[in-house]
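Hi everyone, thanks for coming along. I'd like to walk you through one model today, so please have a look at the screen.

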Amino acid sequence: MRQIFLLVLLFVVGQWFVKALRRAQTQSRPGAQPGQGAQPGQGAARNANGGTSGGTSASGKAALPEPMVRCAECGVHAPRSESVNAGERSFCSSEHARAYDARTTAQDRPAR
Ligand SMILES: [Zn+2]
């Protein structure tokens, strides 16, 4: 008689445990319930969480192995491998290197 009571108690506790587990699962996934899945606030929050967890900002910062140099002509920052070095100056392109060289030589030799 006492064993039957224990079995019933175990059954009830098991049912309650399964129900609590299902409730926790539906709370962690709001899209699983059809009534609450259409709310825009929860959808936006879920998208925001996904964006922060899967964001490429951290990996983008880590994907800069070479230093950036500043163009002396236009001020644009370019990777060192793609920049043109002329003396102490760095340029984003050979055209700007030539333009800067022509400008400085023109300043050194003023036209009459
Ligand atoms: Zn430039």
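Let's begin with contacts, meaning heavy atoms within 4.5 Å. Of the contacts in the protein chain with a separation of 6 or more, 9% are between residues 24 or more positions apart. Please keep in mind that this is a predicted model, where local features need pLDDT of at least 70 and side-chain atom pairs count only at pLDDT 80 or more, while totals for chains, interfaces and linings use all residues. Residues are numbered from 1 along each chain as its sequence is written, and side-chain values use heavy atoms, with hydrogens and water left out.

Now the overall layout. The protein chain has four helices and four strands, taken as DSSP runs numbered from the N terminus, with helices being H or I of at least four residues and strands being E of at least two. Reading from the N terminus, the order is α-α-α-β-β-β-β-α. Of the 112 residues, 10% are buried; that word stands for under 20% relative accessible area, with exposed over 50% and partly exposed in between, using a 1.4 Å probe and protein chains only.

On to the metal. Which residues coordinate the zinc ion? They are Cys71 (SG), Cys74 (SG), Cys92 (SG) and His96 (ND1), at 1.9 to 2.3 Å. Donors here are N, O and S atoms within 2.8 Å of the metal, or 3.2 Å for Na, K and Ca, and sites may look incomplete because water is not among the atoms. The spacing of the donor residues in sequence is C-x2-C-x17-C-x3-H. Cys71 sits in the loop between strand E1 (68-70) and strand E2 (77-79), and Cys92 in the loop between strand E4 (89-91) and helix H4 (94-108), so this pair links distant parts of the chain, 21 residues apart. Cys71 is buried, at 1% relative accessibility, whereas Cys92 is partly exposed at 22%.

Why call the site tetrahedral? Because the four donor atoms subtend angles of 100 to 119 degrees around the zinc ion, and four donors count as tetrahedral if all angles lie between 85 and 135 degrees.

What about disulfides, that is, pairs of cysteine sulfur atoms within 2.5 Å? The structure holds zero.

There is one salt bridge in the whole structure, defined as a side-chain nitrogen of Lys or Arg within 4 Å of a carboxyl oxygen of Asp or Glu. Its partners are Glu73 and Arg103, at 3.4 Å from N to O. Glu73 is in the loop between E1 and E2 and Arg103 is in helix H4, so the bridge ties together parts 30 residues apart in sequence. Glu73 is partly exposed at 25%, and so is Arg103 at 40%.

Last stop, strand E4. Phe91 belongs to this strand and is buried, at 2% relative accessibility. Leaving out residues up to four places away in sequence, Phe91 touches a list of residues including Cys71, Glu73, His96 and Tyr100. Ser90 is also in strand E4, and is buried at 13%. With that same exclusion of residues up to four places away in sequence, the contacts of Ser90 include Cys71 and Val84.

Thanks, and I'm happy to take comments.

Terms used:
Tetrahedral: all angles 85-135°; square planar, octahedral: opposite > 155°, others 65-115°. Disulfide = S-S within 2.5 Å.
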